[in-house]
Amino acid sequence: MRILSRFIGGPGLRLGLVVLSAGLAGLAAVPVSAQQAQGHGDTVIRVPSPVLTLDWEALFEATRWGKRIRADLANESRALSDENNRIADDLIAEEKALTERRATMDPKAFRAEANAFDERATGIRNAQKAKAQALSRRFEEDRQAFLEAVTPMLDDILTKRGAVVVLDRRVIIRGLAEADVTDDLARLVDEKVGDGPPPAGTPAPGPGTEGAAAPGTAAPETPAAPATQGN
């Protein structure tokens with residue numbers, strides 16, 4: 001007990017209490033915001049953090065723009081898959097017909113037709129593969145355009161939160177949920193850009209398009225200029 005009393009009364013504890021008091025005073029000087037917990041009477045104290053976190057994948061999936069890009073990819077992938085199935089069925093039927101005619105054909109003629117068929121089938125497969133690669137490439141380009149357009153909007157979040165840096169949440173080992181701004185940025189993106197710019201290849205309305213003829217209809221004839229009278 002004497003040893004414990006000596007420790008409690010020693011200078012080490014007094015110095016520790018001074019440091020602890022100074023730390024608490026510093027914490028009290030930091031501005032905080034109080035929020036009422038939803039459905040409870042407890043009050044949650046939010047201490048501003050200089051470091052925020054963001055989940056890019058979750059942001060892309062949560063925004064209207066990201067969802068539109070995903071939907072476009074799904075629709076075009078499905079259309080390409082249907083096209084591939086139709087082509088495959090046609091090639092199978094053609095190959096079967098050629099095989100059935102083999103017995104009545106000259107061997108050289110059959111071999112020539114078979115080689116031509118193989119060459120054409122290979123060309124078709126390569127063309128369809130190129131379409132799939134182009135589709136994947138465009139998705140990555142659209143996704144990159146999304147990230148480039150969204151990144152400057154983080155400045156608004158940093159200013160509002162009083163922070164100085166945003167880190168990718170995937171590299172954070174552990175952190176408070178209060179530091180994550182994914183939902184806040186998703187709402188900001190939806191507010192500012194909505195579904196995003198139209199997909200590449202979509203014709204944008206330009207000057208002089210109001211009087212354009214609808215598809216399938218003849219354009220109105222341009223009135224002839226009035227003839228000028230000679231002197």
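Tutor: Glu61 counts as partly exposed, at 36% relative accessibility; here buried stands for under 20% relative accessible area, exposed for over 50%, and partly exposed for what lies in between (1.4 Å probe, protein chains only). This is a predicted model, in which local features need pLDDT of at least 70 and side-chain atom pairs count only at pLDDT 80 or more, while totals for chains, interfaces and linings use all residues. Residues are numbered from 1 along each chain as its sequence is written, and side-chain values use heavy atoms, with hydrogens and water left out.

Glu61 is joined to Arg70 by a salt bridge, with 2.9 Å between the closest N and O atoms; the term requires a side-chain nitrogen of Lys or Arg within 4 Å of a carboxyl oxygen of Asp or Glu. Arg70 is likewise partly exposed, at 34%. The structure holds 14 salt bridges.

A second pair is Arg64 with Asp195, whose side chains meet at 3.2 Å, N to O. This pair links distant parts of the chain, since Arg64 belongs to helix α4 and Asp195 to the segment after α7, 131 residues apart. Helices (H or I, at least four residues) and strands (E, at least two) are DSSP runs, numbered from the N terminus. Arg64 has a relative accessible area of 40% and Asp195 one of 38%, so each is partly exposed.

Because Glu113 lies in helix α5 and Arg101 in helix α4, the pair ties together parts that are 12 residues apart in sequence. Both are partly exposed, Glu113 at 35% and Arg101 at 39%. Salt bridges can also share partners: in this way Asp55, Arg169 and Asp180 form one network.

Arg169 sits in the loop between β4 and α7 and is partly exposed, with a relative accessible area of 35%. Although 114 residues separate Arg169 from Asp55 in sequence, their C-alpha atoms are 5.3 Å apart in space. If residues up to four places away in sequence are not counted, Arg169 touches Thr53, Leu54, Asp55, Asp180 and Thr182, contact being heavy atoms within 4.5 Å.

Beyond four places in sequence, its contacts include Leu59, Leu154, Arg169, Asp180 and Leu185. The largest nonpolar core has 21 residues, and Leu54, Trp56, Leu59, Phe146, Val150 and Leu185 have the most contacts inside it. Such a core is a set of buried Ala, Val, Leu, Ile, Met, Phe, Trp, Tyr and Cys residues joined through side-chain atoms within 4.5 Å. Elements that give two or more residues to the core include β3 (51-54), α3 (56-62), α6 (154-161) and α7 (182-193). Another core, of 7 residues, lies apart from it; Leu91 and Phe110 are among its members.

Finally, consider α6 itself. Its residues Leu154, Ile157, Leu158 and Arg161 are buried. They lie on the same side of α6 because they cover an arc of only 100 degrees around the axis, taken from the directions from the helix axis to the C-beta atoms. The face turned away from this buried side carries the exposed residues Thr159 and Lys160.
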